[in-house]
Amino acid sequence: MVVTKAVRERYTLFQTTHTLSSESLQLNVAKNKTKLKFWRRLSMRYLGLFALLAIVSFAGCGNDTEDASVSGTTVPDADAGGFAFSGENALIAFKGTKPDGSSHVGGFKDFKGTAQIDEETETVKSIAVSINVESIFSDSEKLTTHLKNVDFFAVSEFPLAEFKADDISAVEGEEGRFLVKGELSLLEKTDMVEFPATIAVADGSVTMESTFMLDRTKFGMNYGVEDNKIDPGVELTIAIGRTE
Amino acid sequence: MLFDVVVVGFLVPFSVALVLVLGCWKVESFRSASASVALIGASVTGVLLLSWLPVVPDKHWQWLPTLASIGCLLTVIAGNRARYIRLAVVVVLALVASYTLVPNWKRLEETIWGYRIAGVFVLIVYSLFTEFGTSRSDGRLASLILAITAIATSILMFCSGSLKFAQIGGLIAAASLAWAAVLWSTQSRNFNLAGAMPAYSVGIVGLLFCGYMNSYSDLPIPCYCLVAAAPLGLALSVSRKSTPTSSDCDQASKTNGLEIDGVPPNKGIGPTGLLYLLPTAIGLGWAIVLTVLAEFQG
């Protein structure tokens with residue numbers, strides 16, 4: 001009986017203390033929950049503010065898209081004794097092909113160039129042309145967008161292409177035929193390019209026609225080559241004095 | 001061409017990511033790193049298979065797979081350490097990503113630092129939101145949303161006119177689909193998806209940014225923003241906790257293996273769960289309609 005009484009007393013004491021401790025525990029848990037809710041709400045508000053700041057900052061960056069122009073390039077002026085040409089009196093066109101035989105055609109609308117004339121021999125001694133690559137066009141709107149992207153011309157990064165030829169020599173036995181050698185800067189690379197052309201000079205004006213193959217992979221434009229989907233060679237047609 | 005985009009840019013990296021997730025899954029000490037290891041695997045596979053993705057990045061967008069891998073490595077190293085260390089990883093990754101991904105083009109000379117600062121803000125916010133959301137929601141729903149967001153991003157890049165960017169998006173989609181495949185094929189609900197979120201965020205946000213900057217399509221900026229919005233919805237809805245959290249799942253996987261007691265399968269995943277994908281669907285649908293219209297007009 002004595003043992004039972006002692007056990008009862010102990011149990012009652014335990015119940016009282018346990019109730020007290022669980023009450024205080026519940027109180028602490030409730031306090032912590034309130035604290036957590038507060039911090040969560042606060043952090044979410046800060047995150048919201050942060051997001052708003054970010055959006056405003058992005059909007060503040062504005063639209064940096066500006067038309068690339070060929071006016072600020074190293075192409076010498078026609079006043080310096082040369083013949084000036086541009087998209088209005090000349091043509092730069094290309095034809096890209098696929099191994100299955102299909103092809104797409106296109107060209108550049110905005111370019112500016114000068115052909116320097118040797119007054120004594122009445123021949124062209126140098127040619128310089130600067131092309132606004134953003135003015136590229138093709139027979140398909142979707143293809144034009146694709147050509148401007150990083151897969152091909154990466155226009156945003158490389159808005160200009162330049163060609164300078166100082167070595168123009170006559171082809172023996174072929175009157176009016178010349179071999180044009182120069183440097184083409186396209187994308188991030190500059191490489192030597194040479195092509196045959198028919199050039200004529202009359203009364204200070206120049207006519208030139210040439211169709212040749214250009215290996216685009218020399219300029220880092222490799223897309224579709226390794227998987228044999230697009231040919232590496234592009235047929236280029238340059239015509240000064242005609243636009244069709 | 002589209003075949004190569006799908007096979008090389010998606011199916012092969014997906015297979016590698018899946019093998020890695022399952023491999024890590026079997027080893028308990030690696031389980032929490034499964035998601036990160038899969039993303040590293042998909043990124044490295046992409047760099048090895050895609051000839052135009054160099055090991056040492058040169059152009060700003062070529063940093064995307066590298067940053068995703070570095071981000072995953074950092075989060076794996078940080079592991080379950082103190083919260084401030086994991087936060088530091090997010091901040092460092094956002095700083096490095098913003099510095100490398102914003103192109104130093106001549107026409108951006110005046111605004112380059114504006115873009116970089118804004119990029120840091122956006123990446124930190126997106127990383128924290130997705131980390132918060134995925135750590136407190138059902139892993140299967142989260143993985144599904146992450147995978148669909150990555151696939152949508154890849155398709156958007158295709159619409160914006162770049163197959164290269166579409167393939168980079170395919171790498172992230174491959175990894176996230178591998179997460180989803182494992183989580184949906186087992187009874188488990190999570191394997192620390194949140195750990196891979198800083199790298200995932202850099203991948204998605206960075207890709208959308210690079211895609212927008214390089215695109216000459218007529219897609220408006222809201223298309224790009226909406227596509228990335230789905231994972232943010234998870235973070236905004238976690239206050240209504242109806243599904244087991246990642247810690248519940250981690251605890252369960254430690255004690256019972258892969259199953260969580262008393263949690264019926266598919267709880268919380270249904271038409272309501274898929275509402276999170278609404279902004280992504282709107283953004284992508286808008287982009288597809290504009291692309292198709294442009295094709296017809298062309």
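This is a short tour of the structure, stop by stop.

The model is predicted: local features need pLDDT of at least 70, side-chain atom pairs count only at pLDDT 80 or more, and totals for chains, interfaces and linings use all residues. Residues are numbered from 1 along each chain as its sequence is written, chains are lettered from A and ligands numbered from 1 in the order in which they are written, and side-chain values use heavy atoms, without hydrogens and water.

**Stop 1: chain B as a whole**

Select chain B. Its secondary structure comes to 13 helices and zero strands. Helices (H or I, at least four residues) and strands (E, at least two) are DSSP runs, numbered from the N terminus. Chain B has 298 residues, and 58% of them are buried. Buried means under 20% relative accessible area, exposed over 50%, and partly exposed in between (1.4 Å probe, protein chains only). Now look at contacts, meaning heavy atoms within 4.5 Å. Among the contacts in chain B with a separation of 6 or more, 80% join residues 24 or more positions apart. Finish with the surface: chain B exposes about 12100 Å², and carbon and sulfur atoms supply 68% of it. Accessible areas come from the Shrake-Rupley method with a 1.4 Å probe; for residues, only the protein chains shown count as cover.

**Stop 2: a nonpolar patch**

Select I70(B), L74(B), V92(B), L95(B) and V96(B). They form a nonpolar patch on the surface, with about 370 Å² of accessible area together. Patches are made of residues with over 30% relative accessible area and no salt bridge; like charges are joined within 9 Å, nonpolar side chains (Val, Leu, Ile, Met, Phe, Trp, Tyr) within 5 Å. Which elements of chain B give two or more residues to the patch? They are α3 (63–78) and α4 (83–101). The largest share, three residues, comes from α4(B). Zoom in on L95(B), which sits in helix α4. L95(B) is partly exposed, at 47% relative accessible area.

**Stop 3: the largest nonpolar core**

Select F153(A), L156(B) and W179(B). Of the 129 residues in the largest nonpolar core, these touch the most other members. Such a core is a set of buried Ala, Val, Leu, Ile, Met, Phe, Trp, Tyr and Cys residues joined through side-chain atoms within 4.5 Å. Helix α7 (residues 163–185) of chain B gives the largest share of this core, 13 residues. Leaving aside neighbours within four places in sequence, the contacts of F153(A) include F108(A), V133(A) and M221(A).

**Stop 4: S185(B)**

Stay on helix α7 of chain B and pick S185(B). Is S185(B) buried or exposed? It is exposed, at 59% relative accessible area.

**Stop 5: cysteines**

How many disulfides does the structure hold? Zero, over all chains. A disulfide here is a pair of cysteine sulfur atoms within 2.5 Å. Select C72(B), which is buried at 0%. The closest cysteine sulfur, in C24(B), is 11 Å away, so it is too far for a bond.

**Stop 6: salt bridges in chain A**

Over all chains, there are two salt bridges. The term means a side-chain nitrogen of Lys or Arg within 4 Å of a carboxyl oxygen of Asp or Glu. Select E174(A) and R177(A), which pair at 3.7 Å, N to O. Then select K218(A) and D191(A), which pair at 3.8 Å, N to O. K218(A) is in the loop between β10 (205–215) and β11 (233–240), D191(A) is in strand β9 (residues 189–202), and they are 27 residues apart.
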